[in-house]
Amino acid sequence: MKRLDKIKAYTLWLILSLALGFIGGVCGAAFSKSVELVTNIRNEHSFLIYLLPLGGLVSVTIYKLLQINGANTLSVFNASKNNTPLPHGLSVAIFGGGVLSHLFGASVGREGAALQIGGGVASVLSHLFRLDDKSRRVMLLCGMAALFSALFGTPLAAAVFVIEIIMTRLCFTSIIPIFISSLTAFKVAAILGTHAERFNIGDIPYFSLPIILKTAIIIIACVIVCLVWCKGLHLAEHIAKKLLKNDFLRIAVGGIIIIVLTLLISSNDYNGGGVDVIAHVFDGSVKYEAFALKLLFTIICVSAGYKGGEIVPTLFIGATLGGALALILNLPIGFGAAIGIAVLFSASTKCPIATILLCCEMFGFGSILFTTITAIISVILSHFYKGIYNNSNHIITYTLNKFKKDSR
């Protein structure tokens, strides 16, 4: 009887994972196209940055009306771990909030919003089909992987990222449904015209002692900056909520600060996600101060309450820092940028395997050797501080702890 129940459960998971993959692909393409559209509008009409506080107030109002207070990416992760409920209006709220953030120039990404949209869609679907707790959690994992894959065009990294970031036994038993959702969403989004993020590294230097030493310098510098990035996000959000308890006031003040900073530096490179700036780095153009300014802009926006995500800004910081250090150390700029991305993503998310796959999908599988070494070293060096999702555990420590437990 138990065996028959398992077969029924897996059959249901597979059917729903396909459905979530299709829905995720459509939603991901819609969100991607919307963000692309409003970003183009903002670039053509620079005065929109002055309306950032107003956009923030509208975003907060949407969340208040839908009674979604405090829901974020971490809420979706907790829901998949602990089976805590998600508000049904989350997908609509984060979709609207994310588009508004990009329209008016908040320094936020897309993938964090995608994880919330995916989790929200999966939660609604689970409610409609009256799924049991275990099946509901599996669907949340599938939904997150589907939207991440659709939006960024990295189906392998998306599936593994969800498994690594949650890291429960359920994740490993539901690997097939997660991959099905991720791959299906990627294909559907591609058919609907969503472009995968791909970058050309250029020449990869032959490994020698000088190259290894220079690469080590980039890795260590990026791990230190990642510490500032992760600590800054958590500390600034805590301080902002303590000083400005009113959500409307906090987001308005944050918007005003961003307007002032944008005027001071006379550049809109740090408004929005910044994928175009990442692409320029691989084309050989980078400003030495870019990583620090993006870090500052994003910390202010996230702590103020602007909706979006931290992953694209993480890649921005990694690419610009790695590229700048490569110029100083006389290394190919594309190689340095790739190292920077691998370090920042691995150290900030604590997901080394997802990092390796993400780099392979973005840069080509010719990068697998140096990105594998970089990702593993980075997550080990960053073990003493928590990541952007307030996590410190990763698959290496998880495996070692499990091995010690089994060997007793």
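Predicted model: local features only at pLDDT ≥ 70, side-chain atom pairs only at ≥ 80, totals over all residues.

Colleague: Where is Phe 345 placed?
Modeller: Phe 345 sits in helix α15, which covers residues 333-349.

Colleague: Is Phe 345 buried or exposed?
Modeller: Buried. The relative accessible area of Phe 345 is 2%.

Colleague: And how far apart are Phe 345 and Ser 123 in space?
Modeller: They are 27 Å apart, C-alpha to C-alpha. In sequence, 222 residues separate Phe 345 and Ser 123.

Colleague: What is phi of Lys 350?
Modeller: Near 65°. That is a positive value in a residue other than glycine.

Colleague: Why point that out?
Modeller: Because most residues other than glycine have a negative phi.

Colleague: What about Asn 330, what phi does that residue have?
Modeller: Asn 330 has a positive phi of about 60°, and Asn 330 is not a glycine. Asn 330 lies in the loop between α14 (311-328) and α15.

Colleague: Is Asn 330 buried or exposed?
Modeller: Exposed, at 64% relative accessibility. Lys 350, in contrast, is buried.

Colleague: New topic: charges. How many positive and negative side chains does the protein have?
Modeller: There are 31 positive and 18 negative side chains. The centres of the two sets lie 12 Å apart.

Colleague: How many salt bridges does the count come to?
Modeller: The count is 5 salt bridges.

Colleague: Pick one for me. Which residue forms a salt bridge with Lys 64?
Modeller: Asp 247 does. The closest N and O atoms of Lys 64 and Asp 247 are 3.0 Å apart. Lys 64 lies in helix α2 (residues 52-65) and Asp 247 in helix α11 (residues 247-265), so the pair ties together parts that are 183 residues apart in sequence.

Colleague: How accessible are Lys 64 and Asp 247?
Modeller: Lys 64 has 35% relative accessibility and counts as partly exposed. Asp 247 has 25%, and Asp 247 also counts as partly exposed.

Colleague: Next one. What does Arg 110 form a salt bridge with?
Modeller: With Glu 197. The closest N and O atoms are 3.1 Å apart. The pair links distant parts of the chain, 87 residues apart. Arg 110 is in the loop between α4 (90-104) and α5 (111-128). Glu 197 is in the loop between α9 (175-191) and α10 (209-243).

Colleague: Are Arg 110 and Glu 197 buried or exposed?
Modeller: Arg 110 is buried, with a relative accessible area of 10%. Glu 197 counts as buried as well, at 14% relative accessibility.

Colleague: And Lys 241, what is the partner there?
Modeller: Glu 237, with the closest N and O atoms 3.4 Å apart. Lys 241 and Glu 237 are 4 residues apart in helix α10, so about one helical turn separates them. Lys 241 counts as partly exposed at 43% relative accessibility. Glu 237 counts as partly exposed at 26%.

Colleague: Let's move to Thr 262. Where is that?
Modeller: Thr 262 is in helix α11. Thr 262 is buried, with a relative accessible area of 9%.

Colleague: What does Thr 262 touch, not counting residues up to four places away in sequence?
Modeller: Ile 49, Ser 267, Asn 271 and Phe 297.

Colleague: Now zoom out. How many helices and strands does the protein have?
Modeller: It has 18 helices and 0 strands. Of its 408 residues, 57% count as buried.

Colleague: What about its radius of gyration?
Modeller: The protein has 20 Å. A compact globule with 408 residues would have a radius of gyration near 22 Å, so the value agrees. The C-alpha trace spans about 65 × 55 × 45 Å along its principal axes.

Key. Residues numbered from 1 in each chain as written. Heavy atoms only, no water. Helix = DSSP H or I, 4+ residues; strand = E, 2+ residues; numbered from the N terminus. Rg over C-alpha atoms; globule rule 2.2 N^0.38 Å. Buried < 20%, exposed > 50% of the residue type's maximum accessible area, 1.4 Å probe, protein only. Lys, Arg positive; Asp, Glu negative; His and termini not counted. Charge placed at Lys NZ, Arg CZ, Asp CG, Glu CD. Salt bridge = Lys/Arg side-chain N within 4 Å of Asp/Glu carboxyl O. Contact = heavy atoms within 4.5 Å.
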